[in-house]
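Colleague: I have a model open and want to go through it with you. Can we start with strand pairing and move on from there?

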Amino acid sequence: MRKQGFLLVFGLVLTLAAISFPVVAFGLENGATSTAKKDPWAYVPRARPKTNHAHLLPGPFEKPQDVTKACLECHPDAAREIMQTTHWTWLDKPVKVPWREEPLAVGKRVSNNNFCIGIQGNWPKCTTCHIGYGWRDANFDFENPLNVDCLVCHADPALYVKGEAGMPVQDVDLTAAAQSVGGPVTRNHCGKCHFNGGGGNGVKHGDLDESLYFPGEDLDVHMGRYDLLCTDCHKTEKHQIKGHALSFALEVGNQVQCTDCHDAHPHEDDRLNGHVDAVACQACHVPATARKDPTKVFWDWSTAGQDRPEDHFTYLKIKGSFIYEQNLRPEYYWWNGKVRYRYAWGDKIDPSKPVLINPPDGDIRDPNAKIWPFKIHRAKVPYDVEYKILLQPKTVGEGGFWVEFDWDKALRLGAEIVGIPYSGKYDFVESWFFYPQTHMVPPKEQALQCNDCHGPNGRLDWKALGYPGDPVEWGGRDTLNP
Amino acid sequence: MRRVYLYTRYERFWHWAQALILIGLGLTGAEIHGVYRWLGFEEAYELHTYFGWALVVLVAFTIFWHFTTGQWKQYIPTLDRVDAMIRFYTVGMFRGEPHPYKKTELSKLNPLQRLTYLGFKIIIVPVLGTTGLLMIYYNRLPEWGIHVSLGTLAAIHTAAAFLLLAFFIVHVYMTTTGHTVFSNIKAMITGYEEIPEESPAAGD
Amino acid sequence: MKEYVLSTARRRWPWMLGLVLVLAFGIVGWAAAGETPASNPAPARMHPTFVFLDADGNPVVKTGRPISTIKTCGACHDVGFITTHSYHATLGQESLTQVGQVPGGHPWDFSPGPFGRWNPLLYDYLSPEAGPQMDMGTPNWVQSFARHIGGGPATLSRLGQPLTLLPPDPTNPDTAYRDPETGEVKAWDWRKSGVVEMNCFLCHWPKPNNQARLEALKQGRFAWASTATLEGSGLVTREGDRWAYNPAAFDEQGEIRSAFLQIQAPTNENCGLCHGLTHTTQEPVVAPAGDWYTAWETATTGQVFAGDKINESGMNIAGKDALARPWDVHLERLIQCTDCHYSLNNPIYLQKEDKPEYLLFDPRRPDFSDYLYRPSHDFARGTSAQHTVAPELRGTMRRCEQCHSVEATHNWLPYKHRHMAKLSCETCHIPRLYAPAIGEVDWTVPCKGMRPRIALRGLEGDDTVTGLVTGYEPVLLPRKDITGRERLAPFNLVTAWYWVYGEPPRPVPKWALRQVFFTDDGEYRDRVVQLLDGNGDGRLTPDEMRLRTEEQRATVARWLEEAGFSQARIMGEVQAYSVNHDVATPEFALKDCRACHARDSRLARPFHLAAMGPEGAEPTLWLGADVRFSGQVENQEHDWVYRPQVAHLYVFGFSRVPWVEWVGLLAVVGTILGVSAHAGMRIAAARKRMKGTQDVRLKRVYLYSLYERIWHWLQAVAILGLLLTGYLIHKPEWLAWIPYKGLVYAHNILAVVLLLDAALALFYHLASGEIRQFLPPTRGFFYQAYQQARYYLYGIFRGEPHPFHKTRERKLNPLQQATYFMLLNVMLPIQGITGLLIWLGWHRPDLLDKLGGLKTIAPIHTLFAWLFAAFIVMHIYLTTTGPAPSTYIKAMITGWEDVEEPARERATETVSSSQEEGA
């Protein structure tokens, strides 16, 4: 029987061979050899179940700091972790940059933008969105862990609202808010500040606004169709949240990338995959920005202070005149993830040209640069005619422009606080602030197609990007001389 | 004497077909190797390739035949009485001693044959076949991820061919060691062999 | 299809198009032309400046006369070559024939091209001779067929003389002119009107002013047509009924200042002026306001020449959200019209036919300077354009397969070569058109303003602006391409109804129709209202404008008779308009096998033709040059339908040969009934003799070697699998959830398994001599067969022993031998060969076609599959006829069988000497 067994094995092998031969032959004919792509779902973190804190935090809490103290009893490291983050410091670490001698540290705490220009002297209003309690002036104690506001990210957003200097508003029931913690950090937590950057819904970013609380799948495929949360991409460990805004990026690093979850060459078509070396995913997959709620594209401070009819979208006496746009076509630049330059208080400007506050770094010869879509906020902001530097007005509080409408006074006070000279002569200069567009990704069907960029009516200015002409005809940057 | 039907029709066909093919391979191979000049290199090369393919087909069918009919069991190696066999071929046969092994339908091969033929079948022919096929497809080897020089392949192929030649010579000579000088060859032609009916000298 | 009344009589479409263009670009164009045109840099601005010359060769800035393109462009380019190598100019004038001699034409046609071939959609008939019943003379044609770019018949007479040399003569069709206002025939003085030279600017100038050109033609100021095209470019302005040159645009020598020069290679927009809806801006695609008929190719087929996504269109298209695909993938990927329809001697595209085989590329060809001097204006075309247009240019274009590798992209498709051999690429890649197309045109009762009634297919509602565009699935007709292969390709069918008179017939002139139906102020005559007003409200609703009864038809025929048109009768014709554009991206191409491989196959789906046809008239299918109507027209309660026939193809899952189905079914059902009856009788008989069984001694015999068993079961599995998958391929409506493609692959794989199994088994049986088992004995076979048959029909019920006893040497009884002999020598080879031939169609469709094609081979395969099924029923039943019902099956599993021991052998037991047994 042993020999029979051998024969049986042989027979089975022969049978298998007889079956597998045609299967392989037809399989080859079929040629279905598509390489496996990365499965995005494998990279989405699992939601942790909610821990009910109601019985853990019986309260009552008098001051918000009491809540923090209670939190720290069980989470002793939490405040220290938070205090390392830019969410707390509003200031990045100093970095050696090519355009100046001493290292540069940027951050909301010290830098400017071209919306409300700067927080120094204007703290209580601006620090409403700070995750701490009581940042009223330059003397705020960044080292006190009890000032950390746990509730703004962890309490039920319906039960907790922050006011001036980041303090909870009058009617907040701290006990109820504290007892509501334990659930996931939702879009509402992030959105309260980030969707309202610049002082209102959608003002600043173009790709972040309140329409993302409940987005349709056409608006944002990730959050609308697949119900992702901010923290699913901005993965968080020890309160360090992944992601880094361009306006603060002096170095590349810590960026959230599409390729964190998606394959680097995700398309079926080789020609599309050929694009990814030179074109950011966002360039095609964010075909338009501010698709639902409008965003501010222009702000003229020089017209502020006039008594004319006011309207949130066109003119406010305290701020001047604006232009909002919806469904805005982005502008396209090479970008390698850092800024080429970042304006810091005291830097000289050339008033004959627009001041580029944070131009993206990179060009066609930079192998790390890709073509990115940007929203640019253009604003006329005050500058010192004599010293040729930008100026920061004091806006809120005593002597502030929003109270007295006196530019000279506001700028003088502001310059004092910031520590820059002021000659008494001011004018307004156009400035540009760049925002790379990366959120609000619509379903792939709405991505740009060939003729949106290529051909006689394409949206890209090839010459400005450094190409000799349309790469369809002239070849991509890899064919150019090094 | 007893007439025993030793070799089935297919076995005989296989044997002689293989013999012809191997002779053809040997002759053309020698010409490719540069031993003599008759057909010309190109012609010899073409013929050698055809013979090679013919052998592949024949061997494939024969393997199948061996397993389906159970004839593979003839090659199960054994060391039983090998010493006697060696003694017979070196000493006994000159003294006219009887063959120490009796052929039957169930067991046609003596232990020494079993070992030799098995070696022939699982070493020499596979080595020749593999190297031969690799040389036929030499131009496409890199795209299959095989990197080996033609020289190495040819050297192995030639070495195995010389082994085969040695086997061939011994094999032909051994056919004459039967009951009569031609009885073995006749058996491979007719299928029947005349076997002495006396009881074997040893082992029983 | 809904009715939709449109204008054709006055050729309003170019006006409308011009209006749209002016609205869209006019202001921008003006501004751009006024300054430097650098805001839209295009490579074609390399063109050097030149002097606009008049017909006498003097600068027009000085003389103020119309621009002569021949003189102006001829200063550098070989206009002699260009005018003679331009079908766009000649339009069939070079192939004039006797009336009625045009192959595939109407009995009144006298040219294969638009100059001399009548089109029922446009209606106006260029008359072969002048006379009182003349419809149009050449001057009328120039005004009427305004898509003509000039040159050809607008400069030369039918006999080849310059028109300006002809004396004005109302009896010469080249100089006779029927005044569209008064209806009277006059002489036309070409010297006064000038001729229409080839209009270079229409194609070589961005945003040419087509509207102004059409006005110039309409006013009969032919010489000015080219000049008018430049209106709005900054070079030319209109002053009253003349055009004047802008002195700022020219220097002292009369040369154009380079800032004003915009000569360029033709763009899609230039082509779109005459050929259909093109779109190159970033704004959404919309239907031309009001009149879809303005864009000719779009109107006749629904093709839109745009790279924009359909879901971003401004049109109201059903299910638009899901259509995230461009109208045409080629345009989306930046292919221009001229990339496929290139100039035939453009060095980039030049294909040298006579190059020797050993050359891949022949560098001996015209270089760019040669080409620029002497560019052919004959453009590459396929075989698809309608009718007989430009016959000498047929197939000069690259077809899909000459740019695309179908090999590399269709590996997912079973039998890809076979599909390619029978289907044109367009069939799957243009599965549907998403714009309305004309389906039916009725001239028998013209609407006010002498328009036909038109029904659009693919539209729900009244017009393209407010209606819902549903689009339509084109009909598939066999079309011959340049290689002579006939393949199914998509088409739109347009039905037209119209009056003819006399013998040989001629279409009733439009002016005569107007006289019969309308008063001088363009209202219906009272008699017309009385005749057609069904509801008696004194007005004609669109539905009433139709000849619904025999009597109405006869009445109108009588009116025409009275007007001098004897034997007036209605003709209906169906013309096929091919669909080659609007190619879908791969994911929108037709990939569902069951779209065609099913009972309601797309290949045979009825296509609606006409619903407005007059009573008693029947539409005739018109044979195009390349298209064949394989089906027929059917009348379904006044709805005319075209029912395609694909009898020339065998489509798995769709085609069935009735008698094969019946015979096969009968064989299987008959066998089942037979064995059921036999089994019933056996059971009944066995019960009767329950107790009195004979004592049958059984002996265990080793019958089947391991290999034989493996062979048998592998074969069994393969055959059962083949029958099952084959049945599902044949009738895909069963278990429609199984992917059809998977069934086909499974069937093929099983077939190869069976083939290998059978081939090895054949070798085994030959080499081992077991083949003897299957050879019927040479002697006594018939008697033995009789004995065996008698046993099955009689003995078995009595419990008699089997007449033959199985041994290792003889396993099969004579009937089995006969059956297997049949099976293995006839049925299996036939199934194998027919199957192989069908499979061969995958790679060598030509070989299959030589053997009668699938339509011969496939039914044979089906028939024998049925017979195999019948055999298997019988075979399984007979395995139960052993000593116990399961004996035989067990034997085929273990190899050992309990064999009845023959009485006479019981005494002398022999030992089996099977080798395998020895283990």
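Colleague: Which residue in E13(C) is the bridge partner of C:Val441?

Modeller: The partner of C:Val441 in E13(C) is C:Ala496. E8(C) and E13(C) run parallel and are joined by three bridges. Strands here are DSSP runs of E with at least two residues, helices are runs of H or I with at least four, and both are numbered from the N terminus. Two strands pair if DSSP finds at least two bridges between them.

Colleague: Before I go on, what kind of model is this, and how do I read the labels?

Modeller: It is a predicted model, in which local features need pLDDT of at least 70 and side-chain atom pairs count only at pLDDT 80 or more, while totals for chains, interfaces and linings use all residues. Residues are numbered from 1 along each chain as its sequence is written, and chains are lettered from A and ligands numbered from 1 in the order in which they are written.

Colleague: Back to E8(C). How many of its residues are buried?

Modeller: Eleven of the eleven residues of strand E8 (437-447) of chain C are buried. Buried means 20 or more other C-beta atoms within 10 Å of the residue's own, exposed means 12 or fewer, and partly exposed is in between, with C-beta atoms placed from the backbone.

Colleague: What does E8(C) do with E9(C)?

Modeller: E8(C) and strand E9 (residues 451-457) of chain C run antiparallel and are joined by six bridges. C:Asp442 has C:Arg453 as its bridge partner in E9(C). Three residues sit between the strands of this hairpin, and C:Gly449 takes a positive phi near 80° there.

Colleague: Where does E13(C) come in for the core?

Modeller: Strand E13 (residues 486-501) of chain C gives the largest nonpolar core its largest share, eleven residues. That core has 85 residues, and C:Leu477, C:Phe491, C:Leu493, C:Trp499, C:Val508 and C:Leu560 have the most contacts inside it. A nonpolar core is a set of buried Ala, Val, Leu, Ile, Met, Phe, Trp, Tyr and Cys residues joined through C-beta atoms within 7 Å. Apart from it lies another core of 59 residues, including C:Trp188 and C:Leu214.

Colleague: Which residues is C:Leu493 in contact with?

Modeller: Neighbours within four places in sequence aside, C:Leu493 is in contact with C:Val475, C:Val574, C:Ala576, C:Phe607, C:Leu609 and C:Tyr642. Contact means C-beta atoms, placed from the backbone, within 7 Å.

Colleague: And H20(C), which of its residues are buried?

Modeller: C:Lys510, C:Trp511, C:Ala512, C:Leu513, C:Val516 and C:Phe517 are buried, which is six of the eight residues of helix H20 (residues 510-517) of chain C. Their cover includes E8, E13, helix H21 (526-532) and helix H22 (550-562) of chain C.

Colleague: Next, the sheet with E16, E19 and E18 of chain C. What is the pairing?

Modeller: That is an open sheet of three strands in the order E16-E19-E18, with antiparallel pairing. Strand E16 (607-610) and strand E18 (632-636) are the edge strands, each pairing on one side only. E18(C) pairs with strand E19 (residues 639-643) over five bridges, and C:Glu634 has C:Val641 as its bridge partner in E19(C).

Colleague: Switching to helices: why are H26(C) and H27(C) called roughly perpendicular?

Modeller: Their axes cross at roughly 105° and come within 8 Å, so H26(C) and H27(C) count as roughly perpendicular to each other. Angles of 65 to 115 degrees get that label, with under 35 roughly parallel, over 145 roughly antiparallel and the rest oblique. The axes are lines fitted to C-alpha atoms, for helices over the stretch in contact, and angles run from 0 to 180 degrees between N-to-C directions. C:Phe781 and C:Gln784 of H26(C) and C:Pro814 and C:Leu815 of H27(C) are among the residues making the contact.

Colleague: How is chain C divided into domains?

Modeller: Domain 1 covers 1-6 + 264-334 + 420-649 and domain 2 covers 762-901. The bounds come from an automatic or database domain assignment. The centres of the two domains, taken over C-alpha atoms, are separated by 59 Å.

Colleague: On to chain B. Is B:Thr180 buried or exposed?

Modeller: B:Thr180 is exposed, because 10 other C-beta atoms lie within 10 Å. B:Thr180 is in the loop between helix H6 (150-174) and helix H7 (183-190) of chain B.

Colleague: And how many helices and strands are in chain B?

Modeller: Chain B has seven helices and two strands. Of its 204 residues, 17% count as buried.

Technical notes: Contact = placed C-beta atoms within 7 Å.
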